[in-house]
Amino acid sequence: MSTLTLSGINKRYDNGAHAVRGVDMEISDGELIVFVGPSGCGKSTLLRMVAGLENITEGEMKIDGVRINETSPADRDVAMVFQNYALYPHMTVFRNMAYGLSNRGMAASEIEAKVRETAAMLRIGDYLERKPAQLSGGQRQRVAMGRAIVRSPKLFLFDEPLSNLDAKLRVQMRIEIKRLQRELGVTSIYVTHDQTEAMTLADRLAVINEGKVEQMGSPMDLYSDPKTLFVASFIGSPHINLLPASFEAGQLQVGATALPGFEGLPEAVPLMLGIRPEHIAQHPEGGIEISVDLVEQLGADSLIYGAVSGFDSAEPEELCVRAGEALQLAPGERIKLNFEVDRAMVFRTDNGERLV
Amino acid sequence: MNNSFWRKLSTHGILILGTIFMSAPVWVAFMSSTHAADTLFREGLQYWFGGHFFETYNEVLFVEGGVMKKVTALEMLGNSMILGLGFAIGKVVISMSAAYAIVYFRFRLATPLFWVIFLTLLLPLEVRIVPSYEVVAGLGLLNTHTGLIVPLIASATGTFFFRQYFKSVPEELLEAARLDNAGPMRFLIDVLVPLSKTMIAAIMIIMFVVGWNQYLWPLIMTTEENSYTIVIGIKQIYQVLSEGGELPQFQKAFALTILAVLPPVLVVLVFQSWFVKGLVESEK
Ligand SMILES: Nc1ncnc2c1ncn2[C@@H]1O[C@H](COP(=O)(O)OP(=O)(O)OP(=O)(O)O)[C@@H](O)[C@H]1O
Ligand SMILES: [Mg+2]
């Protein structure tokens, strides 16, 4: 029921840190947007500006077309789930969830009904009389979610809400958050530095680097069509293979090997060849040769790691190949590889721009 | 085994000796207070119960002229209670509000102001007693409870403790409260006060005892018997004792001493568990 528009948003902290640099973004109704990026890139800062917990240095922010730069956090009608949950330790689960409602002057009977309904939805109905200290980490997480949901806000904001949970619970809660968000249809922003979480949750994903949105789009778009070297290297697990290259005499020179099939690239500029592990396959006449270091058997497929021949052995370049069948390879064995030229990417190393 | 037995014996021995050393004077005072004036005059201090407990304490507590000329010990206890409670509550309220302002309101002078408050530790009442007296006298507050309490009420120590505690409260709690539409007063009352209740209790207990035992300020401030606190009463009774040709009423002085110790001891005993909890742990 709500859209969020950011235009030219900048944040400079008092200490001079320029944490967010010119972010433009349009988030439509009911979308789940994930901000993803390395630590310190400004994701939390941007989210907290949306919440109203940080001032906006420059730019304009609108909810449903109405400017909210000067609106207080409470009046923005947004709800936030914090990384450490920030539950009120001295209040029961019920009071924790009811507090925001009673502060808004809702009638006690209505509060009671809303809290019970939300608690049932999150399966915390049995714990309403407990204090947060008497709950497990996962239950506390649900209470924190409940506190946000019960208010039926215009926007949900999540700042790394799952990072205090163990791996199994994290996957469960991730699915649950996605399900709840679908059901409730509330426009949401979710901050994480975990790219798996980002890929699985997002309708659209904003990759943030040094305060700027590098690229925004659906997870598959970003995966298959990254616009910059940073996005390519950030999205995907295992990581994309990146090999330093240069364009000489109409051929892409990677180490000592010349690879055909590339055209019109600038010469005398350091380049980076990017190939996803699943786009490489063993081939008797392949142009790239590796000597196998390690094979990881994942069951359905296996990952082969090896050093690319033709590079200085002092600075070896590792390559990862995703092979469908379980290959029996001994360490040190040399294999030849071929890759799909039309799915390979070439970037400029200096500014990260994608050329092919 | 043998070794540990002797170790146990010696440590317990030392502890018992220490306890006796500390409590013996109280015991002697209590015992002496249950004897008649002439026994004390003839035989000196007493180490066991005498037969005049009810008589002495009744006279001291309830009979006008029994101990002072006009005021009974009960009234003096009342004054002390008002001083102790006013002192404790006032200090907690003032230092908590000061710490709240310093920690949660980002005004430019917050840190310098905190250090100024902290520096007042170097200026205890004893140092500024003359100007304080001038002010209180000028306001016509001599011999009043207000005059007794207000000049003592600001507390650098309390402010310091609350500040440290508030700083340890996670900032997200404040942010969550802001999103929950809780203004500054709401946040203080609904979140900070309940969170710091053990801390409040501990500071109140300490301050009550300190307030109860105030000596110099009430001594200077109070010139009428009706406003004497019990501690001042103990001091004054010796003047009364030696007046006139009667036997000095030492048993009454001792009774007054015992009465003066009793309330702080009770407070500490009753609230002991809270007290320790407040100083040792924090519910977060
Ligand atoms: N209150 C502050 N005052 C000054 N600088 C700050 C403040 N908060 C954050 N910064 C700086 O702003 C930048 C972005 O911080 P932010 O917390 O948004 O990072 P993040 O992307 O959320 O990282 P993480 O994944 O580690 O949470 C950092 O360089 C940080 O040092
Ligand atoms: Mg963060």
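**Entry 1: domains of chain A**

Which domains does the domain assignment of chain A give? I looked this up and noted domain 1 (4-234) and domain 2 (241-348), with bounds that come from an automatic or database domain assignment. Before going on I wrote down that this is a predicted model, in which local features need pLDDT of at least 70 and side-chain atom pairs count only at pLDDT 80 or more, while totals for chains, interfaces and linings use all residues. I also noted that residues are numbered from 1 along each chain as its sequence is written, that chains are lettered from A and ligands numbered from 1 in the order in which they are written, and that side-chain values use heavy atoms, with hydrogens and water left out.

**Entry 2: where the two domains meet**

Taken over C-alpha atoms, the centres of domain 1 and domain 2 of chain A are 39 Å apart. I found eight residues of domain 1 of chain A in contact with seven residues of domain 2 of chain A, where contact means heavy atoms within 4.5 Å. Between them the two domains of chain A bury about 600 Å², 64% of it on carbon and sulfur atoms; buried area is the accessible area (1.4 Å probe) that two parts lose on being put together, summed over both. Of the area that domain 1 of chain A buries against domain 2 of chain A, 76% is supplied by A:Y223, A:L229 and A:A232, more than by any other three residues.

I then looked for polar pairs across this interface of domain 1 and domain 2 of chain A and noted two residue pairs in polar contact, both at pLDDT 80 or more. A polar contact is a pair of N or O atoms within 3.5 Å; within protein, one must be able to donate a hydrogen and the other to accept it, and residues adjacent in sequence count only if both atoms are side-chain atoms. On the side of domain 1 of chain A that touches domain 2 of chain A, the elements giving two or more residues are helix 8 (219-224) and helix 9 (229-234) of chain A; helices (H or I, at least four residues) and strands (E, at least two) are DSSP runs, numbered from the N terminus.

**Entry 3: ligand 1**

Which residues surround ligand 1? I listed A:Y13, A:N15, A:A19, A:S39, A:G40, A:C41, A:G42, A:K43, A:S44, A:T45, A:E160 and A:H193, a residue being near a molecule if one of its heavy atoms lies within 4 Å of it. An N or O atom in the side chain of A:S39 is 2.5 Å from an oxygen atom of ligand 1, and a polar side-chain atom of A:T45 also lies 2.5 Å from an oxygen atom of ligand 1. For A:G42, I noted a polar backbone atom 3.0 Å from an oxygen atom of the ligand 1.

**Entry 4: chain B against chain A**

I found 18 residues of chain B in contact with 22 residues of chain A, and the area buried between the two chains is about 1900 Å², of which carbon and sulfur atoms give 57%. In chain B, the residues that lose the most area to chain A are B:R178, B:L179 and B:D180, together 36% of what that side buries. How many salt bridges are there between chain B and chain A? The count is two, a salt bridge being a side-chain nitrogen of Lys or Arg within 4 Å of a carboxyl oxygen of Asp or Glu. B:D180 forms a salt bridge with A:R151, with the closest N and O atoms 3.6 Å apart.
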